[in-house]
Amino acid sequence: MTKASRGRDHGDLILRLRGISKQFGAITALEDIELDVHAGEVVALVGDNGAGKSTLVKTLAGVHQPTAGSIQYLGKPVTLDTPGKALEMGIATVFQDLSLCENLDVVANLFLGHELNPWRLNEVQMEVRAWTLLQELAARIPSVREPIASLSGGQRQTVAIARSLLLDPHIIMLDEPTAALGVAQTAEVLNLIERVRDRGHGVILISHNMEDVRAVADRIVVLRLGRNNGVFTPDNTHEELVAAITGATENSVSRRTARILETQGG
Ligand SMILES: Nc1ncnc2c1ncn2[C@@H]1O[C@H](COP(=O)(O)OP(=O)(O)OP(=O)(O)O)[C@@H](O)[C@H]1O
């Protein structure tokens, strides 16, 4: 679980996508996508409905195979054939449905699917490990013996994120982690994302909420109609982001660009 176990340093390039395209029959979901993710950074992936965010995440999660392009992972070209392979290589995904078992407690959910793990932990060891991890993440879970059904939306998201960290992934992808959460719970999840980043994981955050994105992202990658449409930082204005997302031509960015061109033109 330690950083050293995967030999990762903040700033290391973990993932590099070049020219990634994905066709579903006649539909082009992704075209010529570029994306870099470094250790210890939060890259937000934003775009309107149908922009290709889910397709890109599923491609990295080993669910979809790209039709064209290359994926470099830790400096080597890789093929992510299956979800199992992506996970094993250190690319974890927390999908929107969270895949938690309502009737099981936090410990059971954390270790669900890890039955074939090398640790072979007993109940007590699992409980200790669950507590340690949640404490490291400063997660506000009342008790690890609490069934998921009694937790809030933010706490469920926390459990799902903690579970994905058990195998110490290099990359963790979060699909709309704050959707349907209230203000306080959203703040809790955003804090958690920062702590995940501080542990040196590369975080890919999909969100429709620009406030959340601007609060935690180091870089904001905009997709539009399946293509890259700019890389921004939280220093960019809301209008600039919205313009890139919607492709609006008459907006502050286009006006500013026009002014600059006019000045340069004399
Ligand atoms: N399995 C599939 N078969 C056919 N077309 C698909 C499939 N999955 C996605 N698409 C299409 O690919 C395009 C990109 O969809 P995708 O779900 O990746 O967008 P998105 O940015 O995640 O949108 P949303 O925010 O609505 O989830 C859309 O036109 C969609 O209809």
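## Fold and ligand shell of a predicted model

Of the 266 residues in the protein chain, 39% count as buried, meaning that 20 or more other C-beta atoms lie within 10 Å of the residue's own; 12 or fewer make a residue exposed, anything in between partly exposed, and the C-beta atoms are placed from the backbone. This is a predicted model, where local features need pLDDT of at least 70, side-chain atom pairs count only at pLDDT 80 or more, and totals for chains, interfaces and linings use all residues. Residues are numbered from 1 along each chain as its sequence is written.

The protein chain holds 10 helices and 10 strands; these are DSSP runs, numbered from the N terminus, with H or I over at least four residues for helices and E over at least two for strands. Among contacts between residues at least 6 apart in sequence, 67% join residues at least 24 apart. A contact here has the C-beta atoms of two residues, placed from the backbone, within 7 Å.

| Strands | Sense | Bridges | Example of bridge partners |
|---|---|---|---|
| Strand 7 (171–175) and strand 8 (202–206) | parallel | 5 bridges | Ile172 and Val203 |
| Strand 1 (13–24) and strand 4 (68–73) | antiparallel | 5 bridges | Leu17 and Ile71 |
| Strand 4 and strand 5 (76–78) | antiparallel | 3 bridges | Gln72 and Pro77 |

The hairpin of strand 4 and strand 5 has 2 residues between the strands, and Leu74 takes a positive phi near 50 degrees there. Gln72 belongs to strand 4 and is partly exposed, with 15 other C-beta atoms within 10 Å. Leaving aside residues up to four places away in sequence, Gln72 touches Arg16 and Pro77.

Now for helix 2 (53–60). All 8 of its 8 residues are buried, so helix 2 is largely enclosed by the rest of the structure. Among them are Lys53, Lys58 and Thr59. After helix 2 comes Gly62, whose phi is positive, near 80 degrees.

And what surrounds the ligand? The residues around it are Phe24, Ile27, Ala29, Gly47, Asn49, Gly50, Ala51, Gly52, Lys53, Ser54 and Thr55, where being near a molecule or strand means having the C-beta atom, placed from the backbone, within 6 Å of it. Strand 2 (27–38) and helix 2 each supply at least two residues of this shell, and helix 2 gives the most, with 3 residues. By class, the shell has 4 nonpolar, 6 polar and 1 charged residues; Ala, Val, Leu, Ile, Met, Phe, Trp, Tyr, Cys and Pro count as nonpolar, Asp, Glu, Lys and Arg as charged, and the others, Gly among them, as polar.

Technical notes: Two strands pair if DSSP finds at least two bridges between them.
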